[in-house]
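Take a look at the two chains shown here. The report after them works through the model piece by piece.

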Amino acid sequence: MTWLLIILLMNLGGYVPGKGLPPPSAGSPPGQIRIWGPPQLADVASAWEAGFEEANPDVDVLLHFTGSDTAMAGLYTAKADIALIGRDATDAEQKAFEWVFRYRARQIPVLNGSVNSEGQSPAIAVLVHPDNPIKEITASQLSRALLTESAELSWSDIGISGGLAGQPVQVFMPQAESGTGRFLRARLISGEIRLQWERITEFEDSAAQGAEDNASTRAAEAVARTPGGLAFGIAGVPGTKTVPVRNQMDTSKVPEFSSIQSGEYFLSRQVNAYVNAPDGSGVDEGVQRFLEFVLSEAGQNSAGKVSDFIPLSENGRTSSRALVLRD
Amino acid sequence: MRSSGVQVSSISRRQFATGLLCLAGCQLVPGSGKAAPAPFRSESILDQFQPYEPRGVASGTVSLWGHGSFKRDFMGRLVNRWISEFHQRQPGVDFEYEMYGTASAIGALYTGAGNLAILGEEISPAAKKAFEREKGYSPTGVMVATGSLDVNYFDYAHMVFVHRDNPVRKLSLGQLEAVFGTECRSGCKPIRAWGELGAQGKWHAQAIQPYGWETDEDFGLFFRERVLGDSHRWNPSIREFAHLKYPDGTQYDHGQRILDALAQDRYGIAISNIRYQNPSVRPLDLGWHDGGPYYAPTPETLISQQYPLTRIIPAYIDRTPGQSLASGLTEFVRFMLSREGQRALIEESGYLPIDPRLAIRQQAELV
């Protein structure tokens with residue numbers, strides 16, 4: 001058996017079962033930065049590539065934009081240096097990364113989502129039929145609409161008075177396990193999936209490329225036809241009324257450029273760069289230079305010119321720079 | 001609709017299971033649903049596998065990703081025996097061992113970091129979808145092991161329990177879907193009272209209280225795919241249990257917590273495993289279809305896939321349509337499916353072998 005063991009160790013690069021498996025070598029190849037992401041972010045990435053390479057002609061930025069999920073796979077298999085995605089990484093994606101490298105992928109916000117552009121991480125608007133007299137709604141009331149056990153939940157049950165008070169609340173939302181649905185559940189009900197399905201209608205994205213597409217629009221269109229409805233959808237769809245949402249700072253906001261950029265609208269989203277950086281360390285030098293460009297005024301403006309993503313606020317850029325440089 | 005039809009490529013969780021249903025006609029156990037609890041006799045089943053016979057001299061590198069972690073090397077002993085025995089027969093094949101966990105394995109396949117993904121459970125729909133988006137075709141799956149009856153970390157079968165006083169003795173997948181779900185994708189109607197499952201007398205009007213794993217974790221996802229037709233609309237009244245970890249490093253397993261809770265609830269129904277059984281609860285026989293046949297979980301009914309909540313262990317490869325695989329990769333997969341490979345599996349892991357007829361069929365499709 002001894003010779004068998006020798007052959008085995010030769011073929012497995014010294015790996016001994018039970019002794020721990022070293023992570024693969026990560027880090028961008030010399031002169032290259034490999035960025036993976038979904039097609040919906042390809043224009044933004046191309047703008048950043050052009051701007052960065054102009055100032056750094058010695059660096060080749062390589063783009064691979066097939067999907068958010070494949071981008072995270074690129075990162076945890078050390079084939080990508082940056083995964084650029086319009087959502088938070090899922091638990092499964094972070095688990096995959098963590099089990100390879102033994103720390104979590106670092107999340108660095110690089111842009112805000114749009115106000116209401118499909119495929120560009122639009123804010124989730126709370127929408128009702130135009131005849132609904134509601135003036136504003138709180139996060140607590142929204143959670144009750146999703147979770148309260150009564151199948152016949154009425155508008156008065158969630159604290160709404162007026163003509164609709166006795167009418168049932170019918171909820172329209174993107175599929176609960178889509179990126180939008182996960183975000184919504186995380187923000188409102190701590191990720192809970194046991195919803196009161198009897199009064200909830202879900203809409204699925206029809207896009208084939210793995211990014212959010214038209215489910216938010218279809219949810220909005222449904223409420224335009226339903227006087228007693230409440231939709232988590234996209235703002236600006238004809239026949240809908242956008243309801244201000246009261247946030248933790250006790251101010252009511254609708255999704256718009258300023259409330260999203262300031263972070264006051266709490267159902268807005270962000271675009272994140274995920275990178276491989278051990279806790280307590282800065283990111284790889286080449287990646288750091290690229291992200292510093294992305295977070296610069298020039299980088300933020302170039303993204304704004306080719307998309308509806310909203311630039312980070314000055315405070316947001318400062319926070320993200322700190323994540324890049326953290327040591 | 002639960003259909004049948006064996007196929008090696010593009011195998012999903014349900015396809016793996018239902019694909020094997022056509023083999024159920026060649027029963028390894030009587031169809032009574034009351035298989036004798038005799039010890040599992042591995043030699044008799046190993047004789048039915050074909051010995052490994054090399055198809056020429058193989059070469060290349062097999063880069064393995066899959067089931068493992070930095071905390072526990074679940075498959076290390078097994079995979080290393082596979083490699084060492086295979087290497088005696090095919091010394092020209094090199095190996096890279098990157099078993100970081102099931103979660104990264106399919107990603108490694110479509111990014112090109114690896115060329116053989118050995119999973120610790122069925123492929124997730126999200127991983128399959130990502131592969132298809134990246135490559136434009138489906139990953140090719142090969143079933144290499146059957147999940148265990150009751151061995152921790154080796155994908156034990158899911159079992160459904162009721163209180164010992166409960167008159168219900170057996171259920172179909174459709175009935176389980178109606179109890180644990182709300183959407184009823186197979187066409188059933190939600191069931192919420194014991195009378196709807198045939199219980200009479202004082203049981204008739206009593207509400208059913210479901211218990212189970214966390215619905216968004218691996219165990220819950222398997223049950224959801226196999227029973228709920230991948231619907232995420234669970235019965236909102238389900239009580240979920242996670243592992244409870246104590247400061248001294250020990251843990252109160254989720255399956256134990258579930259059955260301990262069921263012991264206190266005469267009107268409950270619970271998903272768990274027989275390893276956690278207590279005197280107050282009883283497992284049900286299960287059937288794929290209303291009207292049966294119904295099967296108790298035994299090694300034989302798991303291997304034959306007659307028991308509906310059997311787990312399967314697949315390996316996946318990236319096989320471009322119309323192109324042949326590298327010889328080293330093909331030969332190694334053929335070896336895993338051989339008599340020698342399955343003997344190693346029995347001796348070095350907690351898994352059960354696959355059905356020998358499926359092994360032979362899969363080997364033939366790997367040409």
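## Model and confidence

This is a predicted model, in which local features need pLDDT of at least 70, side-chain atom pairs count only at pLDDT 80 or more, and totals for chains, interfaces and linings use all residues. Residues are numbered from 1 along each chain as its sequence is written, while chains are lettered from A and ligands numbered from 1 in the order in which they are written.

The score pLDDT is the predictor's confidence in each residue, from 0 to 100. Chain B averages 88. In chain B, 89% of the residues score at least 70. Residues 1-37 of chain B have a pLDDT below 50. Even so, this stretch has 81 contacts in the model beyond near neighbours in sequence; two residues are in contact if their C-beta atoms, placed from the backbone, lie within 7 Å. For the complex, the predictor gives an ipTM of 0.85 and a pTM of 0.86.

## Where the chains touch

How many residues of chain B are in contact with chain A? There are 37, and they meet 34 residues of chain A. Four elements of chain B each supply at least two residues to its touching side: helix H3 (76-89), strand S2 (93-98), helix H4 (102-111) and helix H5 (125-135). Helices (H or I, at least four residues) and strands (E, at least two) are DSSP runs, numbered from the N terminus.

The touching side of chain B holds 15 nonpolar, 14 polar and eight charged residues. Here Ala, Val, Leu, Ile, Met, Phe, Trp, Tyr, Cys and Pro count as nonpolar, Asp, Glu, Lys and Arg as charged, and the others, Gly among them, as polar.

## Domains

Domain bounds come from an automatic or database domain assignment. Chain A has domain 1 (2-113 + 270-325) and domain 2 (125-261). Their centres, taken over C-alpha atoms, are 33 Å apart. The contact between them takes 12 residues from domain 1 of chain A and eight residues from domain 2 of chain A.

Chain B has domain 1 (13-27 + 40-148 + 310-365) and domain 2 (159-296). The centres of these domains of chain B lie 31 Å apart, over C-alpha atoms.

## A sheet in chain A

Strands of a sheet pair through backbone hydrogen bonds, either parallel or antiparallel. In chain A, five strands form an open sheet with mixed pairing, in the order S8-S7-S9-S5-S10. Two strands pair if DSSP finds at least two bridges between them. Strand S8 (200-203) and strand S10 (241-243) of chain A are at the edges with a single partner strand each, so one side of each has no neighbour in the sheet.

Strand S7 (residues 170-174) of chain A pairs with S8(A) in the parallel sense over four bridges. A:Pro174 stands opposite A:Phe203 in S8(A).

Which bond joins B:Gly292 and B:Pro293? A cis peptide bond, with omega about 5°. B:Pro293 sits in the loop between strand S13 (285-287) and helix H9 (299-303) of chain B.

A:Ala78 is not a glycine, yet has a positive phi of about 65°. A:Ala78 is in the loop between helix H3 (68-76) and strand S3 (82-85) of chain A. Is A:Ala78 buried or exposed? A:Ala78 counts as buried because it has 20 C-beta neighbours inside 10 Å. A residue is buried if 20 or more other C-beta atoms lie within 10 Å of its own, exposed if 12 or fewer, and partly exposed in between, with C-beta atoms placed from the backbone.
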